[in-house]
Amino acid sequence: MTGYNDVLLRTALRSIIDTAVTQLVADGKLPAEARIPIEISDTRSPDHGDFACNFALTAAKKSGLNPRDLGQLLQNQLPSGEGHLIRSVELAGPGFLNFRLNPEQVAAYLPKILNLRCRFMNSPSELPKRLNVEFVSVNPNGPITVGSGRGAAFGDTLARVFEAVGNHAEREYYVNDGVNSEQMRLFAESVRHFILLAASLPSEFPDKGYKGEYVSDVADQALLDLPEWIRILESLESPAVVPLLPPIREAISDGKTLIQALGPRLGQVPVVAFQIRSQELMIKRQADDLATFGVVYNQWFSEQTLHNSGRVESALAQLEAAGNSYWAPKGRITAASETAEMEPDDEDAVASADPTRNALWLASTKFGDDKDRVLVRTDGRPAYIAADVAYMENKLGERKFDKGYLILGPDHHGYIGRMNAVVQALGYDLSRFQIIIYQLVRFLKEGKPAPMRKRDGNIYELRDLIKELGQSAAPDASPDEQQTTGRDVARWFYLMRSHETAMDFDIDLATKQSDENPVFYVQYAHARICGVIRKAQAEGLSLPTQLTVDQAALLVHPKEQTLIRKILDLPNEVVRCAEDYGVHRITTYATELARTYHHFYDQCRVIQPEEPALSQARLGLCQAARQTLASSLELLGISSPEKM
RNA sequence: GCGCUCGUAGCUCAGUGGAUAGAGCAUCAGCUUGCGGAGCUGAGGGUCGUAGGUUCGAGUCCUAUCGAGCGCACCA
C-alpha cells in the first residue's frame, strides 16, 4: 500500500540523513546524543541548491564538534552522485548542508503521484482516528452572519484536512435549543408579534425583542406548513390547544394560512409552540445557508435531548461522585488566588442561612479555571454549563470520539478554562479535547466597519455576502454559477489568513477587484491545464494516467523540476496543517503551485508533435499538477473549473 | 483590575529558531507572427511597535513596556 509518506521527497531525504547519522554513531565517530530529529528546509535561493539541512548547526553542541567539522563529517558519510537521489552536497555558511538532487531521481516521483490520483492516503503506521469537529453552533435565534462565516470555513476545512491525512472527522453543530432558554422565548415572542401583527390582532413588541428581517421571514414561513403546527400542538398534550386543531386540519385541505385558519384565536396558541416552530425554521435556514457555503454537517446535536434523556442529571451525578462539585450558597468566592473578598449582600445572607437555596458548583478551580462555575442555580434550574458537561460526556464517553475539537470565535476565549475543567472533572485526559479560537473578522464597507451585530435589525448575513460576491465577480453567469463563484471567493478570503490573526475583509475591494482575486489566479491555472489537455487530446495525444520512470526522466528542465518538487510538497503542508491547524497555508500553497505551473508553462511548451516522448512526459506532469491543484482547492471547499 | 489574542512594505497579510524578511493589491517600466495574456519579466517601497534577555544564530522563544481588539453572569 502506498501512503503519502512514500511520495514525500523530504521524507526520503530525512531518512537518508538519519541513516548516515546512525552509521556515524555506530562507528563511534559521533556520540549517541547527536541523533536528533532531522529537518529539511527549502533553500533561500537556487544558488544554494534544492534543499538544505541544519543538522550540523543544531547537533554541534551535543556532538562536541564545531558545526563546520560536523557538517564535513556528515557530508562525507552521505551517499551522493550518479544513481543516488542526492547529486551533490555542499557545506555552506556556518554549517548548512545544501543538497542538489539528481533530476531524473526527482522525476521518478511523478509516476507515484499519478498513481495516487487525487487522494491522500493514511500513513500505514498510524490507525485512523475518530475526530469530532464542532463549529459555528450559533443559537437558533439568528442567521449565519458574515462573522460566523470565518468559523464555518475554518472548521469545515480543518475537518477536510483531518480526513485528508487519514482520519474520520465528523462535523457537528450544537443547537442551543433548551426550552428554558430566555433568549429563545424572547425570539419566539418576537416571531409571534409579527404573526399577530399580520393578522391585525393587538400585539406589543416584546422588550428587547428581535427585529431583523429574518424574524419576519420566519414569521411569514411559520404561517404556512400547517401540518407542522398540528404536530407541535399535539405534542404539547395540553387541553387548551385541543379546540385549535380542527380549524387547522380543515385549513390544510383548503390551502389556507394559519391566520386564515385561526383568525382571532391565534392569540390562544401558546408561546412554546411558536418557540418550537420558529426554532425549527431558524435551524433550517442556518443549515441551508451553510450548505450553500459548502458546509454540510454530519450531526445537528440538540441540547434539549440531553435534558430530556436524563443525561444532564447523570452527568451531574458523575461529577458529584468524583468529588468535583459541591453545594454552596450564592456568591461564594472559591478562587484559590483570591484578591478581592466579596461582601455578601443581604440576599446572600438569607441564602446562606437557607440550605435549600444552595447552588451546585463545579469545582473548576481544581483544574485551572479562574473561578468555580454554577451548575444548578438556587432556583433548581440547571445552568447552561450543566448541559455542556453532559454534552462533553456524550462526546468523549458515550460516543467515544478519540478527540473533540471546538472551534470558537474571539468572544468565547473565556470558555477555554471552564471547558478544559469540565473535561478533566469528568475524568478525561485533556489531550482528547482542543479548543481552537479564531480571531475577529471585520467587514469594511465604504471604508467603515459594516454593522453585523445581532438584534440591531441590520444583520449582515453570510448568504448576502455570497450573493454579493457572486454577482459582482460573474455578472453574466447563471444564479447557480454566481452562487458557486460567491462561495469560492468568500471561502478563499476567509481562509487565506491565519485564524489567529484579526483580519479586515474589505467588501468593496473583494467585489470591485474580483478579477484580480488570488482565487481566480489559482482557478485559472487549473482551467489552463485543462485547456492544454483538451488541446493535446484533440491533436491525438493520449492523456497519460500513468508514466514509467523512464518516461518521467525526460523532465529535467529547471522549471519542470521546480514544479515536480512543489507538487510533492502538498502532503507535507497538509500534515503540518493537521498538526497546528494553520489551514491558511493551503491557500498560500495553492497560489505558489499555480505560479510554479505558470512559470513552467511559459518556458516549457507541452504539445510538440516533433517531440512525442517529451510531450507525453510533460502531459503527465500537467495531469499531476492538475490533480494537485484540484486537491488543494477541494481541501478549501473551492471548485476547480475546467473552463473560465 | 485580571485574562486571552494581535502589532511585519502605502493597504491587506505570509513567514518550520537559520543564510540577502516575502506575496497579493496599489505605483512605475517591459514581454505575444506558438499549447488559454485571468499570464510572464523587472523596479521602487522595511528601525519586523519599543527596550532588555535566552543562543553559535531571534520577525519567530522569555520578560517588561506602549498600542489595538476581545473576554471576565445563578445569559445562552
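**Exposure, backbone geometry and RNA surroundings in the predicted model**

E237 counts as exposed, because 8 C-beta neighbours lie inside 10 Å, and a residue with 12 or fewer is classed in this way. In this predicted model, E237 belongs to the loop between helix 10 and helix 11 (245–254). Although E237 is not a glycine, its phi is positive, at about 50°. Most residues other than glycine have a negative phi. A positive phi of about 50° also occurs at D225, again not a glycine. D225 is located in the loop that joins helix 9 (213–222) and helix 10 (226–236). D225 counts as partly exposed because it has 16 C-beta neighbours inside 10 Å, a number between the limits for exposed and buried residues.

RNA strand B is surrounded by 74 residues, of which K330, R377, G414, S498 and G531 are the closest. By residue class, the surface near RNA strand B comprises 28 polar, 27 nonpolar and 19 charged residues. Helix 22 makes the greatest contribution to this surface, with 10 residues. Among the other elements that each supply at least two residues are helix 2 (55–58), strand 4 (96–101), helix 8 (182–198) and helix 26 (584–603).

Overall, the model has an ipTM of 0.95 and a pTM of 0.93. Chain A has a mean pLDDT of 89, with 92% of its residues at 70 or more. Within chain A, confidence is highest in strand 7 (residues 299–302), at a mean of 97, and lowest in helix 16 (residues 346–353), at 44. The pLDDT is below 50 over residues 333–353, a stretch that has 22 contacts in the model beyond near neighbours in sequence.

Definitions and conventions. Residues are numbered from 1 along each chain as its sequence is written. Chains are lettered from A and ligands numbered from 1 in the order in which they are written. This is a predicted model: local features need pLDDT of at least 70, side-chain atom pairs count only at pLDDT 80 or more; totals for chains, interfaces and linings use all residues. A residue is near a molecule or strand if its C-beta atom, placed from the backbone, lies within 6 Å of it. Helices (H or I, at least four residues) and strands (E, at least two) are DSSP runs, numbered from the N terminus. Ala, Val, Leu, Ile, Met, Phe, Trp, Tyr, Cys and Pro count as nonpolar, Asp, Glu, Lys and Arg as charged, and the others, Gly among them, as polar. pLDDT is the predictor's confidence in each residue, from 0 to 100. Two residues are in contact if their C-beta atoms, placed from the backbone, lie within 7 Å. A residue is buried if 20 or more other C-beta atoms lie within 10 Å of its own, exposed if 12 or fewer, and partly exposed in between; C-beta atoms are placed from the backbone.
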